[in-house]
Amino acid sequence: TMASEPVNVSEFEALAKKALPKMYFDFYAGGAEDEYTLKDNEEAYQRITIRPRVLVDVSRIDTSTSILGYPISSPIMVAPSALHQLANPEGELATARASAASNTIMILSFSSSYNVEEVAASCDAVRFFQLYRAERSGYKAIVLTVDCPRLGRREADIRNRMIVPKLKNVEGFVSNDVDAGGGSNLEAYANSTFDPTLSWKDVAWLKSITSLPILLKGILTHEDALKAVEVGAAGVIVSNHGARQLDYSPATITVVEEVVRAVKGKIPVIVDGGVRRGTDVFKALALGAQAVLVGRPIIYGLAAKGEQGVKQVIQMLKDEFELTMALAGCTSLKDITRSHVRTDRDRFQ
Ligand code: FNR
């Protein structure tokens with residue numbers, strides 16, 4: 001029998017679950033420890049309501065924007081996530097082509113299945129990457145993940161003895177034939193590629209050796225947002241790594257305003273974690289974010305239907321976002337304001 005066509009992004013998760021071996025699905029879907037934050041990332045969006053304005057001519061809606069000067073068709077971008085080849089043989093090549101076809105920016109993960117050069121050759125979309133080596137291959141920004149001094153404890157991977165295949169971006173630099181002692185090799189892999197000494201002074205160093213703008217991914221407080229501005233970051237990404245690192249870190253949408261207030265418009269604020277609906281994108285923008293990143297739904301689209309699935313996921317979110325704008329009385333992104341949403345905090349005041 002024909003599987004029914006998904007009508008929303010969340011339905012791709014079930015399709016991906018069917019398509020993938022349990023070990024790989026669990027790797028993509030899982031979070032750290034109790035997975036409290038994993039649930040809260042999505043639920044926090046559901047606690048925010050929208051305050052629509054009516055009798056606005058919404059016959060024309062413009063969802064387009066730009067990030068660091070690069071135009072994109074909507075404020076929805078592709079988050080960096082590891083090992084796309086476990087979802088589909090074409091891996092990041094398919095994700096990159098789908099992002100290009102959707103006129104949006106893909107951030108390539110350091111832990112990708114294909115290396116920076118291979119992904120660069122697959123399409124000429126605007127891409128951001130995680131290391132300065134990206135400059136040579138035409139990547140336009142460096143996204144430094146700052147929430148990974150060590151690997152979060154993902155119990156599904158430990159239980160499944162998840163094995164990370166060889167990593168293409170570190171070939172010839174570090175050995176990733178890490179010995180797992182019969183269990184998951186994720187931890188051992190992380191020990192060989194993550195740097196627990198990484199600190200603010202290293203951001204200044206990174207800035208001194210590249211002309212690319214640097215975005216700091218994993219900022220959750222006004223204290224760190226302020227430091228990011230001081231150290232010369234080109235932008236911050238409010239993120240808890242899709243709840244895969246520190247469990248009981250806040251749901252990202254609940255701290256966007258705090259970060260936005262701290263940076264005072266000096267640099268763009270992007271947010272990721274739990275974005276599953278066009279209404280979520282609208283809420284993030286109303287609270288001051290310039291764009292969102294989408295993580296797991298992209299992988300689920302890839303697992304279910306390859307390049308076409310990734311395109312569909314991005315298109316669905318964009319269509320929902322456009323409809324939300326129309327129903328809320330906003331014809332362009334600048335029309336979306338703080339007064340278009342109501343949060344828990346507003347209610348208690
Ligand atoms: C990630 N994420 C991530 N982030 C990063 O900076 N480098 C990486 O290599 C990865 N790898 C990775 C793998 C997988 C399987 C997932 C699900 C996530 C985090 C990612 O960029 C993003 O912050 C979250 O995925 C956003 O949350 P949602 O959209 O998945 O809820």
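1. Basis. The model is predicted; local features need pLDDT of at least 70, side-chain atom pairs count only at pLDDT 80 or more, and totals for chains, interfaces and linings use all residues. Residues are numbered from 1 along each chain as its sequence is written.

2. Overall fold. The chain contains 13 helices and 12 strands (DSSP runs numbered from the N terminus: H or I of at least four residues for helices, E of at least two for strands). Its C-alpha atoms occupy a box of roughly 65 × 60 × 40 Å along the principal axes.

3. Helix 1 and helix 12. The axes of helix 1 (residues 11-19) and helix 12 come within 7 Å and cross at roughly 110° (axes are lines fitted to C-alpha atoms over the stretch in contact, with angles from 0 to 180 degrees between N-to-C directions). Helix 1 is therefore roughly perpendicular to helix 12 (65 to 115 degrees; under 35 is roughly parallel, over 145 roughly antiparallel, the rest oblique). On helix 1 the contact involves F12, E13, L15, A16 and A19; on helix 12, P297, Y300, G301, A303, A304, G309 and V313 (C-beta atoms, placed from the backbone, within 7 Å). Nine of these residues are nonpolar, two polar and one charged (nonpolar: Ala, Val, Leu, Ile, Met, Phe, Trp, Tyr, Cys and Pro; charged: Asp, Glu, Lys and Arg; polar: the others, Gly among them).

4. Helix 11 and helix 12. Helix 11 (residues 278-286) packs on helix 12 (residues 296-328) at about 60°, with the axes 7 Å apart. Helix 11 is therefore oblique to helix 12. Helix 11 contributes G278, T279, V281 and F282 to the contact, and the residues from helix 12 include L317, D319 and E320.

5. Helix 9 and helix 10. Helix 9 (residues 222-230) and helix 10 (residues 256-263) have axes that come within 8 Å and cross at roughly 35°. This crossing of helix 9 and helix 10 is right-handed. H222, A225, L226 and V229 of helix 9 meet E258, V259, R261, A262 and V263 of helix 10.

6. Of the 22 residues around the ligand, A79, S109, T145, G242 and G295 come nearest (C-beta atom, placed from the backbone, within 6 Å). The shell comprises seven nonpolar, 11 polar and four charged residues.

Terms used
Contact = placed C-beta atoms within 7 Å. Left-handed = near helix turned anticlockwise from the far one by under 90°.
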